[in-house]
Amino acid sequence: MSKKAVNNTDTNDLFRRAQIAPIGQIQMRGAITANGYAGTAVNRPEGQQRPANLIEQLGVKFIDGLTANFSYPRFDGNTSEWVGETESGNVSSTTVEGVKLTPRRLLSYVEYSNEVVLNPNTDVAGAIEDDLIASIWEKVQDTMFNDIYTAQGATTIANYNNIVAFELAASQKKINNGVYLVSPIAASKLKKMMNGNTPVMNNGMINGYKVVETPSLDGEKVIFGDFSKLLLGQFGGYDVTCDNVTMQHVATIKLIINSWWDWGKIDPNAFAFATTATTNN
């Protein structure tokens, strides 16, 4: 799954029409070296540091282009049993349930000077747009992971025995393809926790299970689960407005992106929750 490109035709046309180079135009790093001669031009500035996008890496089920409230179906209640030749057995109480998605609006908004679009050597405006899209995915990921976490009944992990008990509970929930998703603070504690002479978390693994450390999970949260049972939906695409009119009295362009998202667990039993926080912290 790749991040969708913004339809920025209107924005690009605006940039092309800006055929002026005023005094005070932005000069990018590297265009002129300390010795006063031309160096390597910077084609595009770097965006800010953001967490790795884990949607695809974890196998989260992503559906885009939704247009209305959406329900992803899941069967529940089908069972099989051994019976004698003359026994009728029990009827399965099959239900068709699932996770229901309803659009939540996410607003992304930035203002920048006209001078940004007047620099002929760099795509500063394009970089701003790309970073704004990256901020959308960051916000969706951060909110989704923390939203699915259930603190009530979460296992407290203070030692290796707690981890064994936690994994046993996960096994009893029949979780397949389990992955640990841990916050940075929880990861730091797991790295120092020992099983005899061996760290509990070693080379990104715990007891043979992959561990993904991410700042998108806050506090001391630990999620163990099959993330293919997590559903993320995007309603429509990106509603982009490039407003180069209302703030031109201060030479400012407004870029506004509205997008709509929702998420939920297809199977709540596919996840187990823990924390490394203790009452003695």
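## A partly exposed glutamate and its partner

Glu213 is partly exposed, with a relative accessible area of 37% (partly exposed lies between buried, under 20%, and exposed, over 50%, using a 1.4 Å probe and protein chains only). This is a predicted model: local features need pLDDT of at least 70, side-chain atom pairs count only at pLDDT 80 or more, and totals for chains, interfaces and linings use all residues. Residues are numbered from 1 along each chain as its sequence is written, and side-chain values use heavy atoms, with hydrogens and water left out.

Which residue meets Glu213 in a salt bridge? Lys191 does, at 3.2 Å from N to O (a salt bridge is a side-chain nitrogen of Lys or Arg within 4 Å of a carboxyl oxygen of Asp or Glu). Lys191 sits in helix H5 (residues 184–192) and Glu213 in strand E10 (residues 209–213), so the pair ties together parts 22 residues apart in sequence. Helices (H or I, at least four residues) and strands (E, at least two) are DSSP runs, numbered from the N terminus. Lys191 is partly exposed too, at 41%.

## A buried pair

Lys254 bridges to Asp243, with the closest N and O atoms 3.7 Å apart. Lys254 is in strand E13 (residues 252–265) and Asp243 in strand E12 (residues 230–243), so parts 11 residues apart in sequence are tied together. Lys254 is buried at 16%. Asp243 is buried at 15%.

In the Arg50–Glu138 bridge, the closest N and O atoms are 2.4 Å apart. The structure holds eight salt bridges.
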